[in-house]
Amino acid sequence: MWARIVLALLVPCVALFSQAPSAQMSAPDVNQMCARVTQLMEAGYVAIAALKVSASAIVDTVKQSCTELQLRPATGQPTYAVFMNLRVYLDLYDAIPKPYPFPEVARDQVREVRDAAARLDAHFRALLDSKDADLRSADRDNTARFREDNSLLQAPRANTRRVVLLGDSITNLWRLNEYFPQEDFVNRGINGQLTGQLLTRMKSDVVDLRPTAVVVQGGTFDLTRDVAAGAIQNNYQLMADIAKANNIKVIFASVLPVNDYHAAENPTNQRTVSRPPAQIRALNDWLKTFCAQRGYVYLDYFSVLVDDKGFLMEDVSDDGLHPNAKGYRLMAPLLAKAVDLSTRPPIAAPKPVPVAPKPGSSSKPSKSQ
């Protein structure tokens with residue numbers, strides 16, 4: 001009877017370990033492995049009844065850590081928790097007496113769990129190496145990303161306005177030439193960047209391009225990394241100071257809302273846990289006030305893209321974070337208006353018109369006056 005139950009777990013599927021993959025796995029592969037090992041661990045209860053008493057808490061911990069990995073892929077702590085608990089499970093499995101004869105299908109299952117533990121161990125070590133490489137990198141903020149593009153960029157044309165869009169993946173994914181074919185808009189977005197990294201790139205990717213204005217869009221990845229609000233604000237202020245010192249107009253874009261509407265399609269699309277809507281609103285409120293105090297244009301994407309529940313409208317994004325074509329179509333006129341407001345010449349105050357004295361009146365004040 002039990003064999004029929006566990007055989008259902010062995011339906012042919014894409015083998016995770018049949019080839020020699022690179023040490024660091026992709027987020028979908030990690031999620032697939034998590035689902036598989038929890039199935040296999042619970043299937044072990046059928047072959048060894050005593051295992052359920054000893055290992056149920058371990059399996060629950062693995063499930064919890066796998067849920068964390070769905071929300072924050074490539075995070076070291078839950079990855080470590082999964083493979084260490086797999087090891088504990090295997091130690092218990094080896095220590096508990098087995099029934100005789102012990103089914104071969106059960107042996108195959110535990111071999112797969114051992115393979116998963118070894119695979120996750122290698123993945124975790126690769127994560128550590130990757131993080132260490134990032135810390136040791138001579139260019140942690142990717143200032144060289146656009147070095148060649150910048151060198152090939154022509155100087156701004158006379159009587160035109162060059163506008164640099166400095167930001168993260170929300171900027172990077174925007175095909176500006178399709179929306180603004182007649183404008184000299186330069187896209188300098190890099191996926192996943194924090195405001196501190198945008199600050200580092202101000203010289204190479206903004207000032208050196210001699211733009212009329214810069215549109216800064218960031219902050220959403222700071223929230224996922226739990227960067228302190230004060231640090232984010234300092235980064236905005238320093239970027240503004242650099243732009244002002246170089247006679248560049250500043251436009252600060254709001255942080256976009258997020259949603260979880262697409263989480264059923266992919267667990268990584270659950271966005272509100274790592275980007276709480278209350279924190280997004282608080283950052284935008286500060287940014288709006290900062291712009292008003294300094295006389296900068298505040299580009300309010302948030303108000304146009306948010307729904308009545310306070311989330312990113314479902315149909316303007318396919319993953320709950322990045323705009324799709326409809327989202328960018330809604331954003332485009334807001335960007336155009338903000339650039340116009342920031343770069344148009346100031347309206348000169350009208351000169352007072354002298355009033356001619358009435359006939360018979362004297363321009364000298366009377367004694368009574």
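Helices (H or I, at least four residues) and strands (E, at least two) are taken here as DSSP runs, numbered from the N terminus. The model is predicted, with local features requiring pLDDT of at least 70 and side-chain atom pairs counting only at pLDDT 80 or more, while totals for chains, interfaces and linings use all residues. Residues are numbered from 1 along each chain as its sequence is written, and side-chain values use heavy atoms, leaving out hydrogens and water.

Ala27 belongs to helix α2, which covers residues 27–47. Ala27 is partly exposed, since its relative accessible area is 26%, where buried means under 20%, exposed over 50%, and partly exposed in between, for a 1.4 Å probe and protein chains only. Although 241 residues separate Ala27 from Thr268 in sequence, their C-alpha atoms are 8.4 Å apart in space.

Turning to the sheet, five strands in the order β2-β1-β3-β4-β5 form an open, parallel arrangement, two strands being paired if DSSP finds at least two bridges between them. At the edges are β2 (184–189) and β5 (297–299), each of which pairs on one side only, and from one strand to the next the twist averages 20°. Strand β3 (residues 213–217) is joined to strand β4 (residues 249–253) by four bridges in the parallel sense, and Val214 stands opposite Val250 in β4.

Helix α12 (residues 229–245) packs on this sheet, touching β1 (162–167), β3 and β4, and its direction makes about 155° with that of β4. Contact means heavy atoms within 4.5 Å, and axes are lines fitted to C-alpha atoms, for helices over the stretch in contact, with angles running from 0 to 180 degrees between N-to-C directions. Helix α15 (residues 325–343) lies across β1, β2, β3, β4 and β5, and runs at about 175° to β5.
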